[in-house]
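Student: I am new to this structure. Can we go through some of the labels used for it?
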Amino acid sequence: MLQDSLASSSARRLHVLAGLLLAVLLSSLMLGLTPAAEADEPDDASDPVRLVLVTAGLTWEDISAEATPNLQCLADRSGAAAMNTTSTSVVSTKRQGLETLHSGYRGLAEEAPRTAGIPTPAQDQWERLPVDTAEVDASSQADGSAADVSDALAGDEIVQVDLGSVPDHDDPAREQALAELDERAGTALEAAGGCDAADLPRTLLVSVASTDPADPDDVETTGAVASRTVGLQVALDSAFPGQALTSGATKQNGVVVLTDVLATVLTSYDATADGLIPGQPFRGVDHDDPQLLALDRSRAAEIVDSATVPALGSWLALGVIGLVILLVPPLARRPGLRRVGRALATIAPLALPVGLCASIVPWWRGDHDILALTGVVWGGCALLSAIVLGGPWRRHRFGPLGVSAALVAVVILGESALGSRFQLGSPLGAQPISGGRFYGLSNHLFGMVFAGAMMALLCLFTVLRTPRARVVWTIVVGAAVAIVCVAPSMGADFGSMLATIPTFGLLALLVSGVRPRLWHIVALCAGGAVAVLGVSFLDWLRPPEDRTHLGRFIDELLSGELFSVIIRKLAQNIAMTTGYWALALVMLLAVLASIAILAPRTFHLARLVELDTTHPAAYRVRVATVAGTWLGYAVNDTGPVLVAAVFGIWLAFLPAALPAPRPTGTGAAEPLSDPRS
């Protein structure tokens, strides 16, 4: 009878688990129908592009009524954005940018690595236009350029005008070069009817690269160029006067990508590319000052990297002090020091979610930008620390630690759920200069969310004693993480769902008392795959310009590129692991840490053994965390970053969860329920 009762109880738990997992899948699928993470319903343009003014090295800091009156005139009557021009080399060059302008893919196809996924040879997609193309070289003061532009516009042709380039910021000839560029732009605009003309044909001005070196081969192979040339460039579209430009590729106001230019040109003629292209057409969003927004995007992107280390590092240093106290036995045995160490280790990771949202304050406008960003980080961390250390949960031994871990996950998920409004210009956010993804949850952010959620559950399980309560909370937390991660209007992260459902499902099984079997794991992995494919399909049903990475995966699937996509992502993952010695070292340490925390007795980790003895659920959480981390590594193209994020946060939090070292000469151990210790 007892055996039958246990079997019946296990069956009921499995039914509850299956029902809750089904609810997660259905919720995720429904959220796939919500609008994309884009602000304020962008407007589309209907006029065909007739004039494309091309340059290189032009940033928003260069444009002003005094120095460049013609460019300023065009900016005043156009939509404006800062444009990413990253390529397959460290620094984009004009030669690469011109090819991208016509092919829709970054960089030079013949020189790009195979993992870049760039079709070779490059194809000129402008040949798909229903009109002829005229290319005018106005890079010198040749008088004939105006007549060429005027003659081409008199017909149905689309005209590309090369205005020449602007040298590096450190070049003393830059000011003169800007004046000459502005004069050539004015000549081209006059040939089109004049900048102020009501009938000026739709005109784009795009700076297609950050530099135009005398020897582009040197830059494209070695990246040998001044660092200040690596920045966002100017993009203008006269079809959206007074608006900020955006696109489906960035879903961020005031930021577009060079690959969007081809999509804009093709769409304006109702033409389609031959095959898939990554860009999306420009769209316009109302904004009080789009040029200031573009300038803000550019300034923040240029200086955020140099300001990140002192801003975040100064707060994270508190955690290092805390870890030294907690991990050095003579210090950890002193109750007063131990409490200080736990407090410091508990609040240190709060710098990560605060850093993600730092652009709430325009710190880059200050005269001392590093100090400004540091002040923002410390102010935000102080506020969250007061919540962590001052709430009623401080009376429980694991209360502050659990709340801090939960805040790490909740703040990052909340920022994503609000449409990724604060990531640009923030440490740890999506950086427009790098040109990866501009919205949603990148792999390092998902790693932080996952680590914070699992540590919060570990702390919660020290209070929840019944298997049913633990299962329910595991599913609730897993559902929240899964929904925000995969919903197109939020995280839009394909790989996170593949890791989240199996991992939280495994944890639910472990804490329920059901022994996981192979078919459980297979079913959970299949559930994650079904969920993410379902959301991707619903995203694909939306207009192309509204789709996210999820919907575009269905495009690749339908075009027969699935195998090449998988191979490319695996190659990127392996290349990242083996190509950077620092990441390779981190991965090695992560493997050792995984083994150690799963076999604490073998590695003589007495305090971790004591934690498991007092709270057996802690070991089950660690099993699920390690499994989920390495599953996340396997299904993402930047898996090493995810692994580093998870273990970085866990190795910061875990010492604060450990009991005190045994007093010398006794067998006593710290009572984990003592709130004063």
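Predicted model: local features only at pLDDT ≥ 70, side-chain atom pairs only at ≥ 80, totals over all residues.

Tutor: The structure holds 6 salt bridges.

Student: Why is the pair Lys94 and Asp162 called a salt bridge?

Tutor: The cut-off is 4 Å, from a side-chain nitrogen of Lys or Arg to a carboxyl oxygen of Asp or Glu. Lys94 and Asp162 meet at 2.6 Å, N to O, so the pair meets the definition. The two belong to distant parts of the chain: Lys94 to helix H3, Asp162 to strand S4, 68 residues apart.

Student: How do you know whether Lys94 is buried or exposed?

Tutor: Buried means under 20% relative accessible area. Lys94 has 6%, so Lys94 counts as buried. Asp162 has 18%, so Asp162 is buried too.

Student: What makes Asp296 and Arg365 a salt bridge?

Tutor: Their side chains meet at 2.5 Å, N to O. The limit is 4 Å, so the label applies. Asp296 lies in helix H8 and Arg365 in the loop between helix H11 and helix H12, so the pair ties together parts 69 residues apart in sequence.

Student: Which residues of H13 and H15 meet?

Tutor: Leu413, Ser416 and Ala417 in H13 meet Val481, Val484 and Cys485 in H15. By class, the contact has 5 nonpolar, 1 polar and no charged residues. The helices pack at about 35°, with axes 9 Å apart.

Key. Residues numbered from 1 in each chain as written. Heavy atoms only, no water. Axes fitted to C-alpha atoms, helices over the stretch in contact; angles between N-to-C directions. Helix = DSSP H or I, 4+ residues; strand = E, 2+ residues; numbered from the N terminus. Contact = heavy atoms within 4.5 Å. Nonpolar A, V, L, I, M, F, W, Y, C, P; charged D, E, K, R; others polar. Buried < 20%, exposed > 50% of the residue type's maximum accessible area, 1.4 Å probe, protein only.
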